[in-house]
Amino acid sequence: MDAERELQATINRALECLALLKQDLAASQETGSASGSWLRRSASTDPAPAQRMGERVQGLHQNLEQLQHEFATLEHERQRLDTLYDVSQIINSTLNLVELLNLVMDMIIQVTRAERGFLMLLGENPVGPLTEALEVRVARNVDQETIAGSDLSRSIISQVVQEGRPILTTDAQADPRFSSQESVIGFNLRSILCVPLLVKDHIIGVVYVDNRIKSGLFTQEDLDLLAAFANQAAIALENARLFESVQQKVVEITTIKTYMDNIFASVASGVVSTDVSGHVTTFNRAAETIFAVPANRALGQPYQQVLGTLEDPELPALVEQVRCGEQAYIPYDLETDLPGRGRASLRLHLSGLRDTHDEITGLTIVVDDLTVRRRLEAERRREEQEKHRIKELFQRYVAPTVVNRLLSDPSRVALGGERREVTVLFADIRGYTALAEQISPERLVALLNEYLALMAEAIFRYEGTLDKFMGDAVVAFYNAPEPQPDHALRAVQTAQAMQNALARHHQEHPHELMVNYGIGISTGEAVVGNIGAQQMNYTVIGDAVNVAQRLQAGASAGQILLSGNTYLHVCQHVATTPLGPLAVKGRIEPVNVYALGAPPTLIAVEKPA
């Protein structure tokens with residue numbers, strides 16, 4: 001810069017001297033002053049030196065003017081280079097794409113003295129013609145304001161993109177290349193500069209500047225300057241776009257990592273991983289819960305120390321097999337005592353960590369805590385066993401519908417024996433001894449089975465419990481194992497159904513031997529449950545059983561006798577005939593007895609809904 005200033009100062013002094021010399025020469029010729037006497041004396045004696053002096057002065061003036069022009073050109077070039085340098089400093093000062101685009105556009109408008117400027121970039125993975133893939137990313141005016149990006153010459157932009165070369169037109173309205181274009185006419189476009197943005201010979205966008213008022217505003221030097229500027233800007237823009245892409249990738253990777261960390265922390269299985277030296281590198285939340293060890297105490301520690309709480313002698317050898325690559329995967333179940341938890345059931349999945357070259361880089365242990373599952377499975381097995389036992393027990397005593405209800409809620413059954421109010425029914429064939437004398441044993445058994453089946457069907461119809469068959473007698477009770485608020489009425493309905501079934505059977509088989517039953521029903525407290533020693537039976541024991549048996553013994557053929565307690569439960573539903581008190585063996589108090597039905601017929605009672 002100092003040399004340039006000295007050169008400029010020298011030229012200026014020479015020009016000043018030359019000007020003074022010319023003035024002096026002119027003055028001496030016109031006025032003949034003393035200041036020009038030496039020239040006159042020289043010219044009077046010999047005019048040639050004066051002429052030569054004039055010519056030399058004229059030549060010196062021309063040389064000085066040419067030198068000044070060349071200096072101005074160099075100064076302009078220097079300013080251009082300074083501008084490019086300043087531009088390169090500015091556009092390389094940021095990697096923020098939006099900020100960089102605005103900086104670039106403002107610099108372009110400043111350098112070219114344009115009215116407006118547009119910077120267009122190709123989108124990622126463009127499809128179809130490149131001109132259609134260009135997007136206006138920045139549109140600015142001379143006041144550095146954002147403007148609309150629609151009123152510009154698409155035909156000029158298209159030509160620049162297709163040819164990859166810049167375009168300069170000093171007056172688009174008069175330029176035969178563009179004067180007929182609709183955009184040029186419609187938008188009144190005049191001075192236009194458009195250059196491609198190239199990176200490695202590939203177009204990534206264009207820079208377009210114009211002036212809609214002045215023609216001849218841009219020169220070839222402006223075009224060259226803009227092209228040089230565009231080359232730098234293209235590289236800076238590509239770097240910024242790559243940086244933005246990297247930032248997006250970083251954000252995506254960070255998001256994915258956070259998502260994976262959340263999954264990893266939320267997974268129900270414990271996950272423990274180690275490096276090749278056996279030190280713990282991963283210890284998730286579930287592992288903290290299973291082993292009762294915080295992650296910050298486990299990370300960086302040898303796995304033997306962290307897994308030492310398992311106290312399993314076989315586990316270290318299995319881990320070493322996986323770490324050494326002898327086994328790719330080993331599942332292992334164990335029962336162990338864990339600190340603060342007690343007995344636990346764990347399933348371990350041991351596998352090696354491998355890199356892209358299939359080299360072992362560590363170990364992964366996935367731990368499934370099966371303690372709760374095993375406990376639930378054990379409870380389920382016990383429940384199934386209990387249901388099976390209930391089914392095996394009660395399918396002999398009660399109707400299938402009752403069995404199904406009991407299986408749906410086994411807790412309703414108290415097999416160990418419980419005290420509750422029940423109604424007991426005894427039914428026995430009248431004249432059985434005489435009948436046995438009349439027919440063969442085989443025929444007797446067949447006949448008994450036939451009639452007892454009728455009795456059992458009536459019992460199951462009203463959901464009674466079939467206690468037992470005793471020879472020609474049948475015993476049933478109600479209100480167990482299921483609670484039945486109307487148990488006394490069910491027993492009375494069963495007795496009447498038995499008698500009605502016998503009557504129908506006699507009508508349908510008139511030539512067979514006629515059999516009749518006497519029935520006794522009693523209501524009272526008793527103990528119900530599994531009773532017995534080696535052979536357990538679900539039965540009932542209590543005074544009500546004894547009373548029912550005595551009532552049955554006193555009933556005549558076809559008669560149904562009720563105890564006083566049973567009568568109190570059903571008197572609102574059936575007709576009865578009081579028979580007075582009955583002395584029962586083993587009881588101090590006599591039992592009030594009622595016969596079901598008003599002679600000579602029985603009142604039909606329907607099964608409850």
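Reader: How many aromatic pairs does the count come to?

Author: Three aromatic pairs. Rings of Phe, Tyr and Trp (its six-membered ring) pair if their centres lie within 6.5 Å; planes under 30 degrees apart count as stacked, over 60 as edge-to-face and the rest as tilted. This is a predicted model, where local features need pLDDT of at least 70, side-chain atom pairs count only at pLDDT 80 or more, and totals for chains, interfaces and linings use all residues. Residues are numbered from 1 along each chain as its sequence is written, and side-chain values use heavy atoms, with hydrogens and water left out.

Reader: How far apart are the ring centres of Phe-283 and Phe-291?

Author: They sit 6.2 Å apart, with planes at 35 degrees, so this pair is tilted. Phe-283 and Phe-291 are both buried (under 20% relative accessible area; exposed is over 50%, partly exposed in between; 1.4 Å probe, protein chains only).

Reader: And what about Tyr-567 and Tyr-594?

Author: That pair is stacked, at 3.9 Å centre to centre and 5 degrees between the planes. Tyr-567 belongs to helix α19 (residues 564-570) and Tyr-594 to strand β18 (residues 591-596), so the pair ties together parts 27 residues apart in sequence. Helices (H or I, at least four residues) and strands (E, at least two) are DSSP runs, numbered from the N terminus.

Reader: Is Tyr-594 buried or exposed?

Author: Buried, at 16% relative accessibility. Tyr-567 has 21%, so it counts as partly exposed.

Reader: Switching to sheets. What is the strand order in the one with β6?

Author: β7-β6-β10-β9-β8, an open sheet of five strands with antiparallel pairing. Two strands pair if DSSP finds at least two bridges between them. The edges are β7 (280-283) and β8 (329-338), each pairing on one side only.

Reader: How many bridges between β6 and β10?

Author: Six, in the antiparallel sense, between β6 (residues 270-275) and β10 (residues 360-369). Val-271 has Val-366 in β10 as its bridge partner.

Reader: Which strands does the other sheet have at its edges?

Author: β2 (134-141) and β3 (167-169), each with a single partner strand, so one side of each is left without a neighbour in the sheet. The order there is β2-β1-β5-β4-β3. Three bridges join β3 to β4 (residues 191-199), and Leu-168 stands opposite Leu-193 in β4.

Reader: What is the mean pLDDT of the chain?

Author: 78, and 75% of residues reach 70 or more. pLDDT is the predictor's confidence in each residue, from 0 to 100. Over residues 33-39 it is below 50. It also stays under 50 over residues 599-609. Where pLDDT is low, the predicted coordinates should not be read in detail.

Technical notes. Contact = heavy atoms within 4.5 Å.
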